[in-house]
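Please view the sequence and the structure together before reading on.

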Amino acid sequence: MTQTLNFAIQYTKTIPRAGCSGAPIFVKKELNWFFGGIFIRSSPEVPVSLILRKEFVLNKLNEKQQ
């Protein structure tokens, strides 16, 4: 199975407008908040937003430190 660099989430859980690209996304699980990735894009025509996976973001940050 190939893992994609991003995933989609519904607008009911995000801001449905452009201009938020690059914003960090945090996910609440029970009482804790976790880094979920980076906001990539949204479109008024499609009711989903794309999020760059946290694994990709963290790997790139680790590469820059080495």
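## Confidence of the model

The structure is a predicted model. Within the protein chain, mean confidence is highest in strand β2 (residues 24–29), at 86, and lowest in strand β1 (residues 6–10), at 67. For the chain as a whole the mean pLDDT is 77, and 76% of the residues reach 70 or more. Where pLDDT is low, the predicted coordinates should not be read in detail.

## Overall architecture

The chain has 66 residues, of which 21% count as buried. It exposes about 5,500 Å², and carbon and sulfur atoms supply 58% of that area. Among contacts with a separation of 6 or more, 45% are between residues 24 or more positions apart.

## The loop between β2 and β3

E30 lies in the loop that runs between β2 and β3. With a relative accessibility of 73%, E30 counts as exposed, because this value is over 50%. Its backbone deserves attention: E30 has a positive phi of about 60 degrees, although it is not a glycine. Most residues other than glycine have a negative phi.

F34 belongs to strand β3, which spans residues 32–43. Its relative accessible area of 41% makes F34 partly exposed. Apart from neighbours within four places in sequence, F34 is in contact with I25, F26, V27 and K29. The C-alpha atoms of F34 and K54 are separated by 9.9 Å, and the two residues are 20 apart along the chain.

F39 is also found in strand β3. Is F39 buried or exposed? Its relative accessibility is 4%, and F39 therefore counts as buried, the cut-off being under 20%. F39 and G22 are 17 residues apart in sequence, yet their C-alpha atoms are 5.3 Å apart in space.

## The aromatic pair

The structure holds one aromatic pair. It is formed by F26 and F35, whose ring centres are 6.1 Å apart and whose planes stand at 65 degrees, so the pair is edge-to-face. The reasoning rests on the angle, since planes over 60 degrees apart count as edge-to-face.

Both members of the pair can be described by their accessibility. F26, at 48% relative accessibility, counts as partly exposed. F35, at 25%, likewise counts as partly exposed.

How many salt bridges does the structure contain? The count comes to one. It joins K60 and E63, with the closest N and O atoms 3.4 Å apart. Side chains of opposite charge can pair when their charged atoms come close.

K60 and E63 are three residues apart in helix α1 (residues 54–65), so about one helical turn separates them. K60 counts as partly exposed, with a relative accessibility of 38%. E63 counts as partly exposed as well, at 47%.

Definitions and conventions:
Residues numbered from 1 in each chain as written. Predicted model: local features only at pLDDT ≥ 70, side-chain atom pairs only at ≥ 80, totals over all residues. Heavy atoms only, no water. Helix = DSSP H or I, 4+ residues; strand = E, 2+ residues; numbered from the N terminus. Buried < 20%, exposed > 50% of the residue type's maximum accessible area, 1.4 Å probe, protein only. Contact = heavy atoms within 4.5 Å. pLDDT = per-residue confidence, 0-100. Salt bridge = Lys/Arg side-chain N within 4 Å of Asp/Glu carboxyl O. Phe/Tyr/Trp six-rings, centres within 6.5 Å; stacked < 30°, edge-to-face > 60°. Areas by Shrake-Rupley, 256 points an atom, 1.4 Å probe, with all protein chains shown as cover.
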